[in-house]
Amino acid sequence: EALKVIGNGAVELYYDASKKIETTSGGATVTGRLSTDGVYIGDGGNNDTSLSIGASNDLRLYHDGSNSHILDRGTGSLLIKSDAINLGSESGEYYVRAFENGAVQLRYDNSTKIETTSSGATLTGVLNVAGGTSAYPVVSITSNDYVAKFESSDSYARLIIEDSNSTDNYNGVQVVGNNIMLMCNNETGIQCVGDGATELYHDAN
């Protein structure tokens with residue numbers, strides 16, 4: 001038996017006497033694996049206009065006419081597993097890249113800005129911290145003697161400390177070699193000379 005047609009009912013297709021396709025009032029049922037060159041599902045989101053996977057339609061993929069959705073409604077988590085995961089645009093730019101036993105990259109305009117490393121993370125560019133009403137917008141806690149390190153490849157480095165009324169880049173702590181200066185209004189107020197004196201200034205003199 002290869003084909004069975006039931007009046008006011010199903011049409012059944014068989015392979016080697018085993019039913020493989022059966023039409024139903026809601027569509028069709030396939031028993032086994034279906035191989036196809038493509039599947040088209042119209043806009044929507046309900047069970048009739050989505051790709052549903054799982055005994056209770058736990059995982060659904062659909063397009064609602066404006067956005068595409070991956071909806072996980074079952075127990076457990078939505079797991080995406082690969083030795084490399086890339087989220088990007090149709091044009092080829094990456095938003096996020098993640099590698100097994102390696103780095104996770106966050107990008108801006110396809111340029112890596114934050115990348116995890118074996119010792120922590122690397123930030124390329126400027127980090128702006130909006131602390132809001134927090135009294136401590138930046139906190140560093142460590143069991144080491146050295147809490148933080150700021151290093152410049154220039155001939156001197158200045159750590160800027162200012163409020164909303166300060167002139168930009170005028171106040172802070174400046175390091176030149178082994179000398180440290182407290183800068184006020186872009187002038188030296190106190191200078192500690194390595195292996196030497198501690199100097200106090202008035203109006204840069």
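Two strands pair if DSSP finds at least two bridges between them. Strands (E, at least two residues) and helices (H or I, at least four) are DSSP runs, numbered from the N terminus. In E10, Val104 stands opposite Ala98. The model is predicted: local features need pLDDT of at least 70, side-chain atom pairs count only at pLDDT 80 or more, and totals for chains, interfaces and linings use all residues. Residues are numbered from 1 along each chain as its sequence is written, and side-chain values use heavy atoms, with hydrogens and water left out.

**Strand pairing and hairpins**

- Strand E6 (residues 59-63) runs antiparallel to strand E7 (residues 68-72), and five bridges join them.
- Within this pairing, Leu71 of E7 is the residue opposite Arg60.
- Four residues lie between the strands in the hairpin of E6 and E7, where Gly65 has a positive phi near 100°.
- Strand E8 (residues 84-88) pairs with E9 in the antiparallel sense, over five bridges.
- Phe99 in E9 is the bridge partner of Ala84.
- The hairpin of E8 and E9 has five residues between the strands, and Gly92 in its turn takes a positive phi of about 110°.
- E9 and E10 also run antiparallel, and three bridges join them.
- In the hairpin of E9 and E10 there are four residues between the strands, and Asn101 has a positive phi near 60°.
- In a regular strand, side chains alternate between the two faces of the sheet.

- Asn101 is a residue other than glycine with a positive phi, near 60°.
- Asn101 sits in the loop between strand E9 (94-99) and strand E10 (104-108).
- With a relative accessible area of 81%, Asn101 is exposed; the classes are buried under 20%, exposed over 50% and partly exposed in between, with a 1.4 Å probe and protein chains only.
- Ala17, also not a glycine, has a positive phi near 70°.
- The loop between E2 and strand E3 (18-24) holds Ala17, which is exposed at 64% relative accessible area.

**Glu12 in strand E2**

- Glu12 belongs to strand E2 (residues 11-15) and is buried, at 7% relative accessible area.
- Its side chain makes a polar contact of 2.5 Å with that of Tyr14; such a contact is a pair of N or O atoms within 3.5 Å, where within protein one must be able to donate a hydrogen and the other to accept it, and residues adjacent in sequence count only if both atoms are side-chain atoms.
- Not counting residues up to four places away in sequence, Glu12 touches Ala2, Leu3, Lys4, Ile6, Lys19, Ile21 and Glu22, where contact means heavy atoms within 4.5 Å.
- Glu1 is eleven residues from Glu12 along the chain, and their C-alpha atoms are separated by 9.9 Å.

**Thr112 in strand E11**

- Thr112 is placed in strand E11 (residues 111-117).
- The side chains of Thr112 and Arg107 are joined by a polar contact of 3.2 Å.
- Beyond neighbours within four places in sequence, the contacts of Thr112 are Gln105, Leu106, Arg107 and Thr124.

**Ser166 in a loop**

- Ser166 lies in the loop between strand E13 (157-160) and strand E14 (172-176).
- The relative accessible area of Ser166 is 23%, which makes it partly exposed.
- Ser166 has a side-chain polar contact of 2.9 Å with Asp163.
- From Ser166 to Asn185 the C-alpha distance is 8.4 Å, with the two residues 19 apart in sequence.

**Aromatic rings**

- Arg97 lies over the face of Tyr94, at 4.1 Å from the ring centre; a charge sits over a ring if NZ of Lys or CZ of Arg is within 6 Å of the ring centre and within 35 degrees of the ring normal.
- There are zero aromatic pairs in the structure; rings of Phe, Tyr and Trp (its six-membered ring) pair if their centres lie within 6.5 Å, with planes under 30 degrees apart counted as stacked, over 60 as edge-to-face and the rest as tilted.

**Cysteines**

- A disulfide is a covalent bond between the sulfur atoms of two cysteines.
- The rule asks for a pair of cysteine sulfur atoms within 2.5 Å, and the count of disulfides comes to zero.
- The cysteine sulfur closest to that of Cys184 is in Cys192, at 13 Å, and is therefore too far for a bond.
- Cys184 is partly exposed at 40% relative accessibility, and Cys192 is partly exposed with a relative accessible area of 36%.
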